[in-house]
Amino acid sequence: MESRSLGREGLVVSALGLGCMGMSEFYGRGDEAESIAVIHRALDAGVTLLDTADMYGPFTNELLVGKAIADRRDGVVVATKFGNERAPDGARLGINGRPEYVRAACDASLARLGVGHIDLYYQHRVDPKVPIEDTVGAMAELVAQGKVRYLGLSEAAPATIRRAHAVHPISALQTEYSLWTRECEDEVLPTVRELGIGFVSYSPLGRGFLTGRFSDAELAPDDFRRHHPRFMGENLERNRAIVTAVEDLAASKGCTPAQLALAWVLARGQDVVPIPGTKRLAYLEDNLAATEVALVADDLARLEERIPKGAASGDRYADMSSIDR
């Protein structure tokens with residue numbers, strides 16, 4: 001597995017990471033035994049970056065990841081997040097970037113993960129009520145205390161990224177990025193590249209849509225895609241053309257649609273690291289093989305022609321108010 005650097009502070013991770021969210025919530029019920037097997041197989045295959053957050057579950061995903069890495073902590077880059085505050089019963093309490101909450105959330109995550117430090121600690125969403133300087137200042141204190149090694153932001157706007165980076169070096173910016181979500185190319189990617197910040201792409205498979213395996217009839221009752229704008233009504237029908245294009249080009253390359261979609265993200269630059277999520281071993285194996293798919297200039301040009309930026313129909317979320325702008 002190829003390695004890539006995130007930021008200029010020394011954080012090195014596998015070119016392909018593993019998103020663990022769906023093992024605990026949002027995509028229907030998961031199976032703990034298979035989820036742990038997925039994590040172990042990923043680590044054995046050279047994946048080092050595991051991505052979780054305190055709000056996944058809530059809280060149970062960190063417990064799961066902690067259990068999976070308990071006997072193999074060395075070499076694992078544990079990334080988790082705070083900021084989307086939730087109650088134990090799952091109720092959403094809003095976005096919280098207050099310094100006292102940053103400190104409390106970190107201690108709670110350390111305990112659930114069962115680790116002595118968090119390798120990459122993200123602010124999950126920007127709190128518009130708290131100056132970013134105050135939030136990142138508290139995060140920087142965690143670095144000084146040895147509780148956290150590197151800092152990250154998620155879904156932050158360029159101006160916010162600059163202000164945060166002036167307080168303490170930011171190693172990674174995590175934002176949705178895939179063949180059907182490319183808004184970050186306008187300003188966010190140029191900003192992080194100017195500042196020397198790595199880019200972590202979440203939902204690089206379009207929440208499963210780009211794999212060609214998606215069927216709305218198979219969604220579990222608690223699968224959040226049932227209420228996702230791109231998976232509903234006329235948007236869904238329009239977006240099927242994107243999948244058709246991915247399937248056609250994948251066939252010409254002798255790979256699966258998922259592998260083609262991941263190879264496209266991997267080809268966006270050595271500073272880009274996709275973190276596809278899965279809770280199934282078969283899908284993990286499919287994703288891992290994407291690192292062996294080489295896209296040449298002609299392949300990229302064909303994808304650009306068939307799936308230009310802005311091709312997707314529908315917003316990224318039903319409620320976009322939490323996205324920093």
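Strands E9 (residues 148-154) and E10 pair in the parallel sense over 3 bridges, where pairing asks for at least two DSSP bridges between the strands. Strands (E, at least two residues) and helices (H or I, at least four) are DSSP runs numbered from the N terminus. Welcome to a predicted model, in which local features need pLDDT of at least 70, side-chain atom pairs count only at pLDDT 80 or more, and totals for chains, interfaces and linings use all residues. Residues are numbered from 1 along each chain as its sequence is written, and side-chain values use heavy atoms, leaving out hydrogens and water.

**Strand E10 and its neighbours**

- From E9 the chain crosses through helix H5 (residues 158-167) to E10, in a right-handed β-α-β crossover; right-handed means that, with the strands pointing away from the viewer, the path from the first strand over the helix to the second runs clockwise.
- E10 (residues 172-176) is largely enclosed by the rest of the structure, because 5 of its 5 residues are buried, that is, under 20% relative accessible area (1.4 Å probe, protein chains only).
- In a regular strand, side chains alternate between the two faces of the sheet.
- Both faces of E10 are covered, with Ala172, Gln174 and Glu176 buried on one side and Leu173 and Thr175 buried on the other.

**Strand E11 and its neighbours**

- E10 runs parallel to strand E11 (residues 198-202), and 5 bridges join the two.
- Threonine 175 stands opposite serine 201 in E11, while glutamate 176 has tyrosine 202 as its bridge partner there.
- A right-handed β-α-β unit is made by E10, helix H6 (residues 188-195) and E11.
- E11 is also largely enclosed by the rest of the structure, since 5 of its 5 residues are buried.
- Gly198, Val200 and Tyr202 point one way from E11, Phe199 and Ser201 point the other way, and all are buried.
- Strand E12 (residues 272-274) runs parallel to E11 and is joined to it by 3 bridges; the bridge partner of phenylalanine 199 in E12 is valine 272.

**Nonpolar cores**

- A nonpolar core is a set of buried Ala, Val, Leu, Ile, Met, Phe, Trp, Tyr and Cys residues joined through side-chain atoms within 4.5 Å.
- The largest one has 81 residues, and those with the most contacts inside it include Leu18, Leu153, Leu173 and Phe199.
- Apart from it lies another core of 17 residues, among them Val13, Val77, Tyr202 and Ile275.

**Aromatic pairs**

- The structure holds 6 aromatic pairs, counted when ring centres of Phe, Tyr and Trp (its six-membered ring) lie within 6.5 Å, with planes under 30 degrees apart stacked, over 60 edge-to-face and the rest tilted.
- Tyrosine 177 and phenylalanine 199 have ring centres 5.5 Å apart and planes at 75 degrees, so they form an edge-to-face pair.
- Tyrosine 177 lies in the loop between E10 and H6 and phenylalanine 199 in strand E11, so this pair ties together parts 22 residues apart in sequence.
- Both partners are buried: tyrosine 177 has a relative accessible area of 1%, and phenylalanine 199 is at 0%.
- Tyr177, Phe199 and Trp264 form one aromatic cluster.

**Arginine 73**

- Arginine 73 sits in the loop between helix H2 (60-69) and strand E5 (77-82).
- A polar atom of the arginine 73 side chain lies 2.7 Å from the backbone oxygen of valine 76.

Notes:
Buried means under 20% relative accessible area, exposed over 50%, partly exposed in between (1.4 Å probe, protein chains only). A polar contact is a pair of N or O atoms within 3.5 Å; within protein, one must be able to donate a hydrogen and the other to accept it, and residues adjacent in sequence count only if both atoms are side-chain atoms.
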